[in-house]
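Please work through each task before reading its solution.

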Amino acid sequence: MANVPKDFHPVPLPDYEEYPAAEMLARAEAFRAMVARRHTVRDFSSRPVPRALIETCLRAAGTAPNGANHQPWHFTVIGNPALKTRIRVAAEEEERAFYAGKAGEEWLKALAPLGTDPNKPFLEEAPWLIAIFGARSSASVDGVMRKNYYVPESVSIATGFLIMALHQAGLATLTHTPSPMGFLNEICQRPPNEKPYILLVTGYPAVDATIPRHALDKKPLEEIASFLE
Ligand code: IYR
């Protein structure tokens with residue numbers, strides 16, 4: 001093994017909470033029910049949402065497990081109407097090519113039950129768009145650039161935390177993935193070592209928001225899990 005100096009300083013597990021066994025199942029069930037009330041929404045209200053609420057949810061996202069604790073993510077939170085318009089224009093241009101055939105027939109068939117099309121009015125209507133970037137390299141606390149590890153995994157887990165934090169706070173989200181979305185680097189002024197992963201749209205749902213019935217079909221446990229005991 002290479003000669004790497006030791007740099008490990010363990011501290012006692014600071015804040016673990018154990019619950020009585022009977023309470024554990026009740027807590028797991030309450031969480032399951034809370035999570036099951038999250039639905040991907042595409043109809044947003046323009047009602048304002050305080051920045052402080054988004055900040056707290058981002059702090060939760062920033063606690064996600066990640067490669068070597070390099071925290072290889074950046075969240076650009078866009079509330080500026082002119083920037084939202086630029087994002088909508090750029091995203092709709094990509095989506096028009098996608099739906100006009102770039103996606104291929106099989107993919108378009110898979111999307112048919114969702115009712116999506118190239119029009120993305122939510123990119124202007126929702127109060128906040130959160131562009132989520134993964135950094136191939138980033139600066140340590142002392143400012144030294146270093147390589148990051150497991151970037152897609154880390155960013156995806158943090159995004160999951162963020163979606164659940166926003167849901168728990170009472171906001172709706174849409175994980176939007178215009179493809180390609182390199183235009184986000186320019187609009188958000190992010191360096192080329194960062195890759196945009198997801199544009200998370202968030203706000204209150206419109207009063208007449210709908211979801212595709214298809215989205216309610218969830219695979220049963222037996223299909224998504226197997227136990228080897
Ligand atoms: N990015 C496109 C297409 C799209 C792709 C998948 I996979 C989805 O689950 C939903 C949409 C769009 O946003 O319309």
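**Exercise 1.** Which residues are buried in helix 6?

*Solution.* The model is predicted: local features need pLDDT of at least 70, side-chain atom pairs count only at pLDDT 80 or more, and totals for chains, interfaces and linings use all residues. Residues are numbered from 1 along each chain as its sequence is written, and side-chain values use heavy atoms, with hydrogens and water left out.

Step 1. Buried means under 20% relative accessible area (1.4 Å probe, protein chains only). Helices are DSSP runs of H or I with at least four residues, and strands are runs of E with at least two, numbered from the N terminus.

Step 2. The buried residues of helix 6 are Val 151, Ser 154, Val 155, Ala 158, Thr 159, Leu 162, Ile 163, Ala 165, Leu 166 and His 167.

Step 3. Among the elements they pack against are helix 1 (21-36), helix 2 and strand 5 (172-176), contact being heavy atoms within 4.5 Å.

**Exercise 2.** Determine where the buried residues of helix 2 lie around its axis.

*Solution.* Step 1. Ile 54, Cys 57, Leu 58 and Ala 61 are buried in helix 2 (residues 51-61).

Step 1. Viewed down the axis, these residues fall within an arc of 105°, so they line one face of the helix; the arc is that of the directions from the helix axis to the C-beta atoms.

**Exercise 3.** Is Asn 148 buried or exposed?

*Solution.* Step 1. Asn 148 belongs to the loop between strand 4 (145-147) and helix 6 (151-169).

Step 1. Its relative accessible area is 3%, so Asn 148 is buried.

Definitions and conventions. Buried means under 20% relative accessible area, exposed over 50%, partly exposed in between (1.4 Å probe, protein chains only).
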